[in-house]
Amino acid sequence: YDSAHNEGTTVSDITKRIQSDSVLSADATALEAVDLFTTTQRDFFFVLDHTQFTGTLNYNDLFCLPFKLCLFALTLHLEDSALRLISLSPQESWQSLTEGRRQNAEKICKDLYRPSSESREIPPDLFLGCTQFCDKGTILIKRELLPNVTKEEINSVFDRAAKVRDACAHTSPDQYGRIAVIDREKLGPLIRDIQTLIQAIELSIHSIAPWENR
């Protein structure tokens, strides 16, 4: 370190200017922030609230509880939409599963509802509600309920959504809850793919049973 050489050097001489594309409005939505992290290589953004910088936002900050809940809710929306579609013809949907998958759902259903020996037989639509997340995707594929969506696309969305769903459902060992559950370049496409698949499912529901559209 040469003190003589550095004498008179100011902070402005060694700092970098803030670029306009590194600033994020405090009013921006979380989805807008996701798009920025997906499409840029910046490590963080400065957060501008009116005329003041109030902090910074990095990718892992997105995985605090509020946004994780939103991600979890999105996967639940996908599962709920799929269940509504396959439940329009419950017997056919139920029979499209393998015996092993049906047995798993039957066990869960009986544990939940504990029907008495005098009870009537449990209807298929109730069993469908006790199937696993992946089972609903399997039924969509086997019954070809989404003719404009390929088997590969359905499998891809359900597989990726299931991993994020499971990660969001568990508490984080980090006290701040800021451990990313998915790589930054994959988050934006996953959200868009889930939303697109939900739209396709809802359109199919409406075409088969318009009264179910709500």
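**View 1. Helices α3 and α10 in contact.** In this predicted model, helix α3 (residues 30-39) and helix α10 (residues 184-208) pack at an angle of about 130°, their axes being 7 Å apart. Axes are lines fitted to C-alpha atoms over the stretch in contact, and angles run from 0 to 180 degrees between N-to-C directions. Helices are DSSP runs (H or I, at least four residues), numbered from the N terminus. On the α3 side, L31, V34, D35, F37 and T38 take part, and their partners in α10 include L187, P189 and I191; contact means heavy atoms within 4.5 Å.

**View 2. Helices α9 and α10 in contact.** Here the angle is about 120° and the axes lie 10 Å apart. That makes α9 oblique to α10. Residues I154, V157, F158, R160, A161 and V164 of α9 meet P189, L190, D193, I194 and L197 of α10.

**View 3. The largest nonpolar core.** This core has 47 residues. Such a core is a set of buried Ala, Val, Leu, Ile, Met, Phe, Trp, Tyr and Cys residues joined through side-chain atoms within 4.5 Å, where buried means under 20% relative accessible area (1.4 Å probe, protein chains only). α10 gives the most to this core, with eight residues.

**View 4. Residue L78 and its neighbours.** L78 is one of the residues with the most contacts inside the core. Leaving out residues up to four places away in sequence, L78 touches F133, V157, F158, A161, I194, L197, I198 and I201.

Residues are numbered from 1 along each chain as its sequence is written, and side-chain values use heavy atoms, without hydrogens and water. As the model is predicted, local features need pLDDT of at least 70 and side-chain atom pairs count only at pLDDT 80 or more, while totals for chains, interfaces and linings use all residues.

How values were computed
Helices (H or I, at least four residues) and strands (E, at least two) are DSSP runs, numbered from the N terminus. Buried means under 20% relative accessible area, exposed over 50%, partly exposed in between (1.4 Å probe, protein chains only). Angles under 35 degrees count as roughly parallel, over 145 as roughly antiparallel, 65 to 115 as roughly perpendicular and the rest as oblique.
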